[in-house]
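Let's take a quick tour of a protein model, going from the whole chain down to single residues. Keep the 3D view open as you read.

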Amino acid sequence: MSTHDATNASPHSYAAAPATAHAGAATDDIIREHTFDGIEEYDKRLPNWWLATFYGAIAFWIGYWFYVEQAQIALSPEAAIELELSRIEAAKLAANSANLDDATLWQMSRNAVFVNAGRETFNSVCASCHLQSLKGVDEGGIGHNLVDDEWAHGGNPTDILAVINNGVLAKGMPAWGPVIGAKKTSEVIAYILSHHTEPAHEES
Amino acid sequence: MSQQKLTIEYNDKVVRQFILACVIWGAVGMLVGVFVASQLNFWRLNFNLPWLTFGRLRPLHTNAVIFAFVGNMMFAGVYYSTQRLVKARLASDFLSQLHFWGWQLIIVAAAITLPLGFTRGKEYAELIWPINIAVALIWVVFAVNFFWTLARRNERALYVAIWFYIATILTVAMLYIVNHLSIPTSLLHSYPIFGGVQDALVQWWYGHNAVAFFLTTPILGIMYYFMPKAAERPVYSYQLSIVHFWSLVFIYIWAGPHHLLNTALPGWLQTMGMTFSLMLWAPSWGGMLNGLLTLRGAWDKLRTEPVIKFFVAGITFYGMATFEGPLLSIKAVSALGHYTDWIIGHVHAGALGWNGFMAAGMIYWLIPRLWSKPLYSTSLANIHFWTGLLGILLYVAAMWSSGITQGLMLNATAEEGTLLSNPNFLDALHAIQPLMLMRVIGGGLYLVGWLLLAYNLWQTVRGAQPVNGSIDIYVEAKTPAASRDSASAAADKERIGWLPTFGNGPVILSVFLVGFASLWMMGSGIVSALGIAGSLVTLIAGYALLYSRGKDWQDWYEKLLLNALPFSVLVFISVAAGGLVQIIPTVLVSKPDNVEDRLQIPYTPLELAGRDIYVREGCYNCHSQMIRTMVPDVLRYGDYSRLGESIYDYPFQWGSKRTGPDLARVGGKYPDVWHLRHMEDPRSISAGSNMPSYPWLSTNNTDVAALPSKINVQRMLGVPYGPLSPQQIFDDVNAQAKAISKGLREAGAYVAPEKEIIALIAYLQKLGQSENVAATRTASVR
């Protein structure tokens, strides 16, 4: 069964516009013989820049695959992150070598710059459990009250430092020290201590 | 040879039906979109009601836009153009109506079940299994109706639009069926047969190619029909049609893993996903070129014709989105943009710009022709265009800025990269709040534009007479036997046969090239070298043959276009290749027995119940469970996730967006009472959080009765549960739930053990727990 095109016999004028009403522009372009529902097709060659993009991407695939998967030049994602993490650990160990002691932390608690910086970190990180009032469980929070004189895990500045650095995982206190870093930890301790008074020193 | 005049009346009724459904569902889908976007700014809009929370409505939005809005638009466009391109009425009026009403029923079923929390927990594949079966059946109805029409065509050759429709129908069927393979545990619930990393790979093979073959290829086909029609100009290049069609459908399938860059997905798949995405750039732009350059010589119409405006803007957005896609698939760019609003902006450039504007252009072109009446108001259509364009630009600009801000803030480190600059996740959320509001305004404007279209349509159609198109064709009279013989002889001459379909230069060379390239990529040593050598030989032979036999190849292709079935088979083979190469090795290799470091500890029954609550509430819409191999992720959330740590997760919950923080290692990080308070009122714990409150979890009882059946299915899927009687399961649940409840009471909060929140807490506290199997494996080897 063979067919050939008939005139477009749609019953209304909107579909009756044939797509052949073009003149002038690009007369050298070859139009394919066959049309579909009046749609014609040029057969222009592929643009060079387009081909270059395509071939370029293919070349990149070959090169990148060789580099990453076969030549073993690139580190695997796991190896790369492990390397990065050990670098970070080394930097942290170096930074922590200047040990903080009780006296230094008390001194920080009297320093407005430290206390103000500590308040910001405290409100952003600690207040979800200990509340901005620092009164924690006594005002409906989850963490301990930090302004009374009861210390569940020791009240010396270095005890507080240990709690922040290591957490008390059984009680739900995460180890925040590694997350916020040594500087912010000392500032938070300064802020907490600013609500307390330094006990009188015994003469030695 | 005597000829007979035959008048064919097209079935335009079903086209009109699909157009109306597209307009209505489009408005609904966009409205839900504006609503869920507003919820991110104003958490109170969750109304503390389960069926109005973001986690349940966002899937409704995505499903409505993809399957209801674009779906109905696609069916209208495919049916209208196919009939005219093949000069035949749709094969069956019954199938056409079954297709239409079946699809609408599926949409209604989705709109009811999703807000009620019935979900499979996989993106764009949320619908529950009975609806999945309905979708598959209706898709088959569509396929039968379409291919049957092709079989009865009065136009011998297949136009490029038809190629794209064929690719759409076959590929969507393949993707949908494989990604929805599930084992039911009840009438409304099932577990997917793939878990963990396998599920992730299959899901994004599907998810990415749903974008490709549901939102792209059918619309390209529609572009190839309606653009030259509206512009009254020839298509720019037939060669380009061929090259970009075949490269697009072949390459697209391989690019799925770019959704999983820097995750626990094996590295070779990530590399494949990235490189194939880059190779997809040119094929995509081939479609853009053929669309835009069709307007050569008719650019003046851009000033006057709203239809052309919509098409040109739509195709331009297609070009932008298909440039942005490969860009985001570069691993380093993904590290910044993934999990952020940038991706949301990217998909909306596609959905609003490409799909929405192509739909609008097509509808404005069709309305006068389907109802035989001029459009009610051209200036209203112009206002729609400018409102919509402004809407998209606001939307996309807001999401670019928001996503990049989010990515930069969350990834920023201080003190020589050892610390996070913004340890509080909420800092980044607060920074993007104004941009999220700007997105709501942009989306709202776009919706307003769409409502203008609906009004314009209503005003035009009201009282108008629907008209069906028709065409006169001349066929040979069927009486004389001699002429029938000569006719069948002519038909035989056009038939290609199976041997020439496969046994010819282009197909054989392509098969060899793909085979050798796969050997090169996947193999090692001698196999890989063989792959390189084979690829080179094939390429050289290919070029030599192209120059000597190019004309034969052209003739072969022209002949192939006269044969719908062989053409379709070749299309299917080329779309199936990528999935096979990626999925089969992953299913064979990435399984619990082969895990070498950390292996997930299976969930207790109570934890499993809690996980199903997590899935039901759609937590994965805002929370990932995948710590990437990136320093900022590790600093914020803990050690990077291993492949084995989610291997028993049916479905996987790696997520694709971090509106909230990652939860892969949240287990044990906070006390139970923290989670209780946080779920009841997130803002009591995290000031400024935009997470919905979940008060009903403290009043609803956990569905314990469903657990025996669920655990049976999990065991069937390979999770190592021992033989547990229902009573043992219930006892186990009771004991664990009571312990959690008791702990909460000691912390000053009482919740009865049977409440859902207890199960959810049990699940959340389990996240990130694994055993190290490296030692035992090594020992047993020795």
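Two residues are in contact here if their C-beta atoms, placed from the backbone, lie within 7 Å. With that in hand, look at Ile363(B): leaving aside neighbours within four places in sequence, Ile363(B) is in contact with Ile19(B), Val23(B) and Leu453(B). Bear in mind that this is a predicted model.

**Chain B as a whole**

- Chain B has 29 helices and 8 strands.
- The radius of gyration of chain B is 28 Å, close to the 28 Å that the globule rule gives for 782 residues, so chain B is as compact as a globular protein of that length.
- If you boxed up the C-alpha atoms of chain B along the principal axes, you'd need roughly 95 × 70 × 55 Å.
- Take the contacts in chain B with a separation of 6 or more: 83% of them link residues 24 or more positions apart.

**The inside**

- Of the 782 residues in chain B, 54% count as buried.
- The largest nonpolar core has 262 residues, and the ones that touch the most other members are Phe18(B), Cys22(B), Ile363(B) and Leu760(B).
- As a general point, nonpolar side chains tend to be buried together in soluble globular proteins.

- UniProt, in an unreviewed entry, places the feature "binding site" at His346(B).
- Is His346(B) buried or exposed? A residue is buried if 20 or more other C-beta atoms lie within 10 Å of its own; His346(B) has 21, so it is buried.
- Setting aside neighbours within four places in sequence, His346(B) is in contact with Ala321(B), Glu324(B), Gly325(B) and Leu328(B).
- Arg369(B) is also found in helix 14 of chain B.
- Arg369(B) is buried too, with 20 other C-beta atoms within 10 Å.
- Now find Asp12(B): Arg369(B) and Asp12(B) are 357 residues apart in sequence, yet 9.9 Å apart in space, C-alpha to C-alpha.

**Where chain B meets chain A**

- On the chain B side, 70 residues are in contact with 63 residues of chain A.
- Which element gives the most to the side of chain B that touches chain A? That's strand 6 (residues 470–476) of chain B, with 7 residues.
- Sorted by type, the residues on that side of chain B come to 38 nonpolar, 19 polar and 13 charged.

Key: Residues are numbered from 1 along each chain as its sequence is written. Chains are lettered from A and ligands numbered from 1 in the order in which they are written. This is a predicted model: local features need pLDDT of at least 70, side-chain atom pairs count only at pLDDT 80 or more; totals for chains, interfaces and linings use all residues. Helices (H or I, at least four residues) and strands (E, at least two) are DSSP runs, numbered from the N terminus. Ala, Val, Leu, Ile, Met, Phe, Trp, Tyr, Cys and Pro count as nonpolar, Asp, Glu, Lys and Arg as charged, and the others, Gly among them, as polar. The radius of gyration is taken over C-alpha atoms; the globule rule is 2.2 Å times the number of residues to the power 0.38. A residue is buried if 20 or more other C-beta atoms lie within 10 Å of its own, exposed if 12 or fewer, and partly exposed in between; C-beta atoms are placed from the backbone. UniProt positions are given in the numbering used here, feature names are shortened, and annotations may be inferred rather than shown by experiment. A nonpolar core is a set of buried Ala, Val, Leu, Ile, Met, Phe, Trp, Tyr and Cys residues joined through C-beta atoms within 7 Å.
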